Every structure is written in structure tokens, then in C-alpha cells.
Amino acid sequence: MKSCKRVLLVLLAGVLVLSLFSGCKSGTKTEATKASTSAAAATTAAQTTAASNEKKTFSWATWALSEESLKPTYMAMAQTFMDANPNVTIETVAYPYAQYKDQLVISAAASNAPDIAHVKAEWVPALLKLGALQNLNDVLSPELKKDYFEAILKGVTVDGKIISAPWFTNPYALYYNKTLMEKAGIKELPKNWTELMAAARKISALGKDEKGNKIYGYALSNNKSAPGSGYNFFPHMWTFGGEFCDANGNITIYTPENVKAFEEAKSLYVDEISPNGSTFKDLRNLFAQGCIGFYYDLEMAQGPIAEASPKGADFAKEYSAMVLPSMDGPNGYAYITQHHLAIFNTCKELPTVAAFADHMSGKVVLQILFDAGMGKMPARSSVTEMEIFKNPAKEITKAFVAQLASARSLPGMHESFMLADEAFVDTLALLTISKDPVDKIVKDLDAKVKELYGQK
């Protein structure tokens, strides 16, 4: 679990390239977003759950249903399963993203968890520690287990037990604003990290836009009101040659390479190249307002960006995406998140829920995600046979597929990883107010994380 080795996603890439509310439940069936998708659902293997007329009901949780821009897409996933299985009703459970993990842990501790829940890989250890997860070895079909990419299945296997069902993967890539680049006199995309930082400073030198809004050349979040702002810094450390931990799980934050990365981060905030005190969502909104030159995000961000932009969908003409550069070249280390489906040991409808997990990682759902511009990549070999992954047509999609070749997974399979994430955000925020040398600040972070991990 503690291994911090880079997951060998090159294999996957090769195949691809050739928001506190209370939980709300609803059993209402909605119309799928694509008629063709609904038709395709009729052929899914999940329809075998409808072999009898016995009524089946189970609950599915995801934070996406608390976001209006995402809800239609995610409800379509449930709808296509219910269309193919008329005897099944799915009750949906939604918590805003910022409270989602905590709410899952609270409900699991009270033996009141949903039957199946959308989780990020780094959240799984906390649920595993509670003993709340179902052993899926004999729950998932042999065919499904064989279809998962070996490295991805290995990542959800602990002590020989499959602890969650892989769903999809999420690579990050670098968005850039073409209009701001042109105004700053930048004629070519940066080919390495040095050029990226130089371009960011040129864009920041533009000052303000016509509405008086500050323009930032590059954006790096450092607000922990939502999880993930800490590990969002990892690409910076990797770029400088630093690591979070070694191959044996030993924390290795206090190194010359990481100190250099944090020194650069401090200069980004102090020199106002990047906004200070912003959440990841804040940065996405600022980019949509045309106030950020470069920042990395998911492919699915295109929808929220269009929604937040005064120009709406037309804003898409002004930006694109590229592979995050490395220190010395074009192919740098963005991170990749893995999304899983956790099945809880309080689930009463295991065969039906297992069929739903099969459906969710299959071609029907990946097509729904693609049609919605969500930019999700498969966790299963057979799904990569779809034309949308073999030969992506959109420029932005090509960038995200290309990013897979050098993307790295997060070392998240430790129960203290999310506490370490908070410690990182605290450190990034401290950079802007502390008079201590960066070296000392990073050394203190190293000691804090080692304490969290029970290391000396």
C-alpha cells in the first residue's frame, strides 16, 4: 500500500493512442442524454440482472449529482442501467464534493452507507480502515476482472482482496489562453518548464483586463477548503526531480529538489503570477473569465468553463490544452486520478450492484461521458477498442490522451495521505506569510508528514 512507484500508465496510453447539504435520495428515472446511448444499453451485460421480475433497489452515491452541470450526465448512467433492467430502481445519494468523503466515512462508521459509492482512489484507505468495504473477489465476474488493466486492478488489490471496482481514470493536462498569449507576444507554446514560467510572467505583465480584473500568467491553488489542493502541487515537485516518497513508502519531501519547487511556488504567489488563497474551483472560474494564462485541469472542465464564462461556449475558441512540459522538454509529469466504485459490506443486493459496476466501467457509460465532454479514460482493455479513444478528433482530447504517456498516479493508498494533502496546502499558504527560509518550511513539512505516516 505504501509503494510510491509510478504506475505504468504508458501501457494504457499506448492502447489509447494507436461541493454541507444532507444526503438526498431519489428513485426518479430521468431521460438519458443520448437516445443512441439508451439503445446501446440494451446490449450491456448488466441486463442479465433482469432475468427475473423480482424488484431490486439499491443506492448509489456520487458528488457529481450535487452539481447541476454534471447531474444530467451522471443520471443518464443510472438511467441506461434501469432501462436495461426494468426491475431495478437506483436511489441516488448526493453530497457536495467538499464534504463528500467525510459524509461517506460518517455513514460507513454508522453502518448506514450507500450500497455503492463513487470514490477517488486516495479516499479508499480511510474506508478500508473502517472495515466497511466488501471483498469483491467473488463479487465481480471473472470476465470483468480479466478485462481491467492489470496495473489498475493491482492498485485496488490489498492483501489479495479487491477492495473497490475500477471505474475510469482522469489525466490532467495544461490549459492555455490563446488570446492572452497573443497579447503578451507569445507566438509558440512553451516547449519546457523554463519557457512555461517565462510565458507566465509575460502574461502577468499585461496587468489588468479592460474590466480592471487582474491577469495571472499561471495558477496554482493553495486553499484547503476542498480536498486535493495539496497533491495538486506534486507535478511541480516531479518537474524539479523531487518525490513525495521513495519506492518503499518512505517520505522524502525534504530534498534539494523539492526545496527548489517550493521556492518557485513562493515566487509565483509573491510576484502575483498566481492567485493566492484560491481553491481549484476559483482558478477554473478565473480561467473562464479570461484572467489566467496557464493552469492544469481535467478535460471535463470545458463544461464548467463554458458555464462560467461571459462568452459561454464561444470562449472555447480562445483556449486549448497541451501536455504539461518537463524541465527540459515537452512531456512533463501531470498527475492522474483514478475513480473507483466502492461497494460497502452492508450492501444487500450484491449481484445487482456488481452488474451496475460492470455497466459503469463499460462502453455505454464511457460513451455517455465522452458525449458530455467529460474526458474520462477507460480502466478496461475492451473499452479502448472504441473509436473515440483510438482516434480522438478534438484537439483538446488529443492533448489529454497524449498526457497519459507521462502522467503519474498519486501515492494515495495510505490512510494518512489526505492528511498529508492538508499539510501541503498549509505549507503552500505559509510560503506567502512566513519570514522563515523555504528550506526550513519544507523541512517542517517533511517532519509533519513523517509523523502522520508513523515514520521518523
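Contact here means heavy atoms within 4.5 Å. The model is predicted, so local features are taken only at pLDDT of at least 70 and side-chain atom pairs only at pLDDT 80 or more, whereas totals for chains, interfaces and linings use all residues. Residues are numbered from 1 along each chain as its sequence is written, and side-chain values use heavy atoms, with hydrogens and water left out.

Met327 lies in the loop between strand 10 (319–322) and strand 11 (335–343). Helices (H or I, at least four residues) and strands (E, at least two) are DSSP runs, numbered from the N terminus. Not counting residues up to four places away in sequence, Met327 touches Asn192, Trp193, Thr194, Thr239 and Phe240. Its relative accessibility is 23%, so Met327 counts as partly exposed. The classes are buried (under 20% relative accessible area), exposed (over 50%) and partly exposed (in between), with a 1.4 Å probe and protein chains only.

Leu196 is one of the buried residues of helix 9, together with Trp193, Met197, Ala199, Ala200, Ile203 and Ser204. At the N-terminal end, Asn192 caps helix 9: a side-chain oxygen lies 3.1 Å from the backbone nitrogen of Thr194.

Strand 9 is largely enclosed by the rest of the structure, because seven of its seven residues are buried. Strands 7 and 9 run antiparallel and are joined by five bridges; pairing requires at least two bridges found by DSSP. Ala173 has Asp297 of strand 9 as its bridge partner. Strand 8 pairs with strand 9 in the parallel sense, over two bridges. Here Tyr216 stands opposite Ile292.

The largest nonpolar core has 145 residues. Such a core is a set of buried Ala, Val, Leu, Ile, Met, Phe, Trp, Tyr and Cys residues joined through side-chain atoms within 4.5 Å. Trp60, Tyr74, Tyr218 and Phe244 have the most contacts inside the largest core. Strand 7 (residues 165–177) gives the most to this core, with eight residues. Beyond four places in sequence, the contacts of Phe244 include Phe234, Met237, Pro411, Phe417 and Tyr453.

Helix 14 (residues 350–360) is also largely enclosed, because nine of its 11 residues are buried. Among them are Phe356, Asp358 and His359.

Note on methods: Polar contact = N/O pair within 3.5 Å; in protein donor to acceptor, adjacent residues only side chain to side chain.
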